[in-house]
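Trainee: I would like to go through this model with you, one question at a time. Shall we start with the overall fold and then move to details?

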Amino acid sequence: MTILIISAMEKLVAILKRENGALSLGRIPEALSLTSDKQTAAVELEKAIEAASIQDMCVFADTSISPEHRTLLETMLDLSKQNGELLQRAIKTQKRLIELLTDPLPSEAPQSYGSLGSYAEGASKRQALFVSRA
């Protein structure tokens, strides 16, 4: 791995940690404010990998990765996976909130059965009195 790749990965990891923290706490506006930074860091990482592969400095199959770089790579992959899950949860939550806000209110008519087993047409003003002779 080149220094450019490592630097780009470290930058992306830092942004993912901040975004995941915000998403975990439900701070959607804070997470959204990091979107452009995350996209920029991802593009920088892509360019660093592309530049290294052009110079044959990025051959992962035949070279061993140092333990600290492997840890960085695993951390970035784990954070990326967690980020995807948190984003999906945030999207589902926002969607459900919109559904709740836009659903029509339940009918104001009482939903009760009449004496014939069907819905009562009008709410009766009569009150029932129960007297116990116990």
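Trainee: Among contacts in the protein chain between residues at least 6 apart in sequence, what percentage join residues at least 24 apart?

Mentor: First, the ground rules: this is a predicted model, where local features need pLDDT of at least 70, side-chain atom pairs count only at pLDDT 80 or more, and totals for chains, interfaces and linings use all residues. Residues are numbered from 1 along each chain as its sequence is written, and side-chain values use heavy atoms, with hydrogens and water left out. Contact means heavy atoms within 4.5 Å. Among contacts between residues at least 6 apart, the share joining residues at least 24 apart is 70%.

Trainee: Which pattern does the protein chain follow along the sequence?

Mentor: Helices (H or I, at least four residues) and strands (E, at least two) are DSSP runs, numbered from the N terminus. The chain has 4 helices and 0 strands. Read along the sequence, the pattern is α-α-α-α.

Trainee: What percentage of the residues of the protein chain count as buried?

Mentor: Buried means under 20% relative accessible area, exposed over 50%, and partly exposed in between, with a 1.4 Å probe and protein chains only. The protein chain has 134 residues. The buried part is 22%.

Trainee: How far apart are the end C-alpha atoms of helix α4?

Mentor: Helix α4 covers residues 67–102, which is 36 residues. The expected span of a helix is 1.5 Å times one less than its number of residues. For α4 that should be 52 Å, and the end C-alpha atoms agree, at 52 Å.

Trainee: Which helices do the buried residues of α4 pack against?

Mentor: The buried residues of α4 are Leu72, Met76, Leu79, Asn83, Leu86 and Ala90. The partners are α1 (3–24), α2 (28–33) and α3 (35–54).

Trainee: What covers the buried residues of α1?

Mentor: α1 has 22 residues and reaches 31 Å from its first C-alpha to its last, close to the 32 Å expected. Its buried residues include Ile5, Met9, Leu12, Leu16, Glu19 and Leu23. Gly26 follows α1, with a positive phi near 75°. The cover of the buried residues includes α2, α3 and α4.

Trainee: At what angle do the axes of α1 and α4 cross?

Mentor: Axes are lines fitted to C-alpha atoms, for helices over the stretch in contact, and angles run from 0 to 180 degrees between N-to-C directions. The axes of α1 and α4 come within 9 Å. They cross at roughly 35°.

Trainee: Is the crossing of α1 and α4 left-handed or right-handed?

Mentor: A crossing is left-handed if the near helix is turned anticlockwise from the far one by less than a right angle, and right-handed if clockwise. By that rule, the crossing of α1 and α4 is left-handed.

Trainee: How far apart in space are Ser80 and Leu12?

Mentor: Ser80 lies in helix α4. Ser80 is partly exposed, with a relative accessible area of 35%. In sequence, Ser80 and Leu12 are 68 residues apart. In space, C-alpha to C-alpha, they are separated by 9.4 Å.

Trainee: How many salt bridges does a search of the whole structure find?

Mentor: A salt bridge is a side-chain nitrogen of Lys or Arg within 4 Å of a carboxyl oxygen of Asp or Glu. The search of the whole structure finds 4.

Trainee: Which parts does the Lys11 and Glu44 pair tie together?

Mentor: The side chains of Lys11 and Glu44 meet in a salt bridge at 3.3 Å, N to O. The two residues are 33 apart in sequence, so the pair ties together helix α1, with Lys11, and helix α3, with Glu44.

Trainee: Which residue forms a salt bridge with Glu19?

Mentor: Glu19 is found in helix α1 and counts as buried at 2% relative accessibility. Leaving aside neighbours within four places in sequence, the contacts of Glu19 include Ala31, Asn83 and Leu87. The closest N and O atoms of the salt bridge are 2.9 Å apart, and the partner is Lys38.
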